[in-house]
Amino acid sequence: MNILMVNRIWHPGGGDWTYIENMSALYQQHGHQIIPFAMHHPDNYPSEYSEYFIKHRDYRELNDGKWYRGLGIAAESIYSFEALSSLKRVRIDLAHLNIIHRYQTPAILKVLKEAGIPIVWTLHDYTILCPEGTFVSNGSICEACKGGKFYRAVQKKCKKQSILASGLACADNYVNQFLNYYSFVDQFICPSKFLYDKYLSYGIHPEKLHQLYHSYDPRQLPPPPENQADKGEKYFVFLGRLEKIKGIHTLLKAMKSCPDIPLKIIGDGTEKNTLMEYAREHHLNQVSFLGNKSKEEIWPILQGASFMVFPSECLEILGFSILEAMLCNKPVIGTKIGAIPETIIDGKTGLLVEACNAEDLAEKIKALYADEQLCEQLGNQAGSYIRALTEPNRYYEHLQKIIPSLS
């Protein structure tokens, strides 16, 4: 079977790419051929199908004052004629969609449907429900657009605090709703119960929604260090984007109460310089900013850590870094928000804290760092729990029920 794997990019760039890699490997293990369909990008992995990719779009041009270029990008982000043309040149038996809004665009759904191609869509964000895509407006959780009131995103300047960007996102939602593109999807996969319940509450084709946790083959992980008995440096890690909604500012506030506990921060983002300046001002010498790292570089850092923190302040859909930490038998301290409590079971696979609460977070960090026995116990339980939750064969069996043609 030729499976069209559709995503915004074809290179590492977030949790969606981790899912793409895992799913592509799983399909191939069962004898299927993967046909990637993404946007051209200099970092893309080589592919014999790259000639079909849509051209690269730089959305920063919406804000650079060159309105004539911005208008072209705006139009293409709502309805990509290029994507439609490319699709008609490839033989496809199944389309598996991921992040497509503003890139290939939901307009491709109609083309796929007219060609009689089954469509399954794994939901990685809230864009169908929220023009901003995250249910975050100007730093706070917001569901003002519920009921199809997408114009409120423009009123609140939800997208990049820009009327233009917010207007584009708003128009995109109205166009997709008016043209009823989502009705062409055969099945939607929701990676968490939280996401499933959220889409259900918005009335998005409830008969097509399926809840299925991501697949993750633990054989992808490197073996643990041979000298595990000699633990060496003791520290914990944060792994993720350096953005306000990820709770990184709250974490640094908490670190003021943990002067002797080393923290390694892996990742980059718009808040990096602000965070580094904050660390300097408050003499947080125990905090190290490591920047972006490849998967190969991340694994040994994660395996050597005592635990990981995931202090997110947004409605997380699942959190791949949580899964990967637990697969390394590491407990995670995370917030009681979104789908996080579905993987971090308080007192069993990690510890839960209140979102935006630096004092609570500091207390849990100190408690876990000081108790190596508890840390090891929670880590072992986390590993067992997440392996059962993300078992690839179990995932594929569920897929076969959702997509009969896979059987």
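**Inside the cavities**

Modeller: Let's start with the second largest cavity, whose lining is made up of Asn-98, Ile-99, Ile-100, His-101, Trp-121, Leu-123, His-124, Asp-125, Ile-128 and Tyr-199. Bear in mind that this is a predicted model.

The largest cavity holds about 80 Å³ of space. It has 14 lining residues, and those closest to its centre are Cys-130, Cys-142, Ala-144, Cys-145 and Cys-158. Taken as a whole, the lining of the largest cavity splits into ten nonpolar residues, one polar and three charged. If you wonder how such spaces get found, rolling a probe the size of a water molecule over the atoms shows where empty space is left.

Now for the loops. Between helix 5 (152-155) and helix 6 (163-178) runs a loop that includes Lys-157, and Gln-161 sits in the loop between these two helices as well. Both are worth a look for their backbone: Lys-157 has a positive phi, near 50 degrees, without being a glycine, and Gln-161, also a residue other than glycine, has a positive phi near 55 degrees. For background, most residues other than glycine have a negative phi. What about their exposure? Lys-157 has a relative accessibility of 36%, so it counts as partly exposed. Gln-161 reaches 58%, and because the cut-off for exposed is over 50%, Gln-161 counts as exposed.

The other loop I'd point you to lies between strand 2 (33-37) and helix 2 (67-78), and Tyr-45 is part of it. Once you set aside its neighbours within four places in sequence, Tyr-45 touches Trp-10, His-11, Pro-12, Trp-17 and Glu-21. Ile-9 is 36 residues away from Tyr-45 along the chain, yet their C-alpha atoms are separated by 9.4 Å. Even with those contacts, Tyr-45 keeps a relative accessible area of 38%, so it is partly exposed.

Key:
Residues are numbered from 1 along each chain as its sequence is written. This is a predicted model: local features need pLDDT of at least 70, side-chain atom pairs count only at pLDDT 80 or more; totals for chains, interfaces and linings use all residues. Side-chain values use heavy atoms; hydrogens and water are left out. Helices (H or I, at least four residues) and strands (E, at least two) are DSSP runs, numbered from the N terminus. Buried means under 20% relative accessible area, exposed over 50%, partly exposed in between (1.4 Å probe, protein chains only). Contact means heavy atoms within 4.5 Å. On a 1 Å grid over the protein atoms alone, a cavity is a set of points where a 1.4 Å probe fits but cannot get out, and a pocket is an open set with protein on both sides within 12 Å along at least five of seven lines; lining residues have an atom within 4 Å of a point. Grid points are joined across faces, edges and corners, and a volume is the space filled by probe spheres set on the points. Ala, Val, Leu, Ile, Met, Phe, Trp, Tyr, Cys and Pro count as nonpolar, Asp, Glu, Lys and Arg as charged, and the others, Gly among them, as polar.
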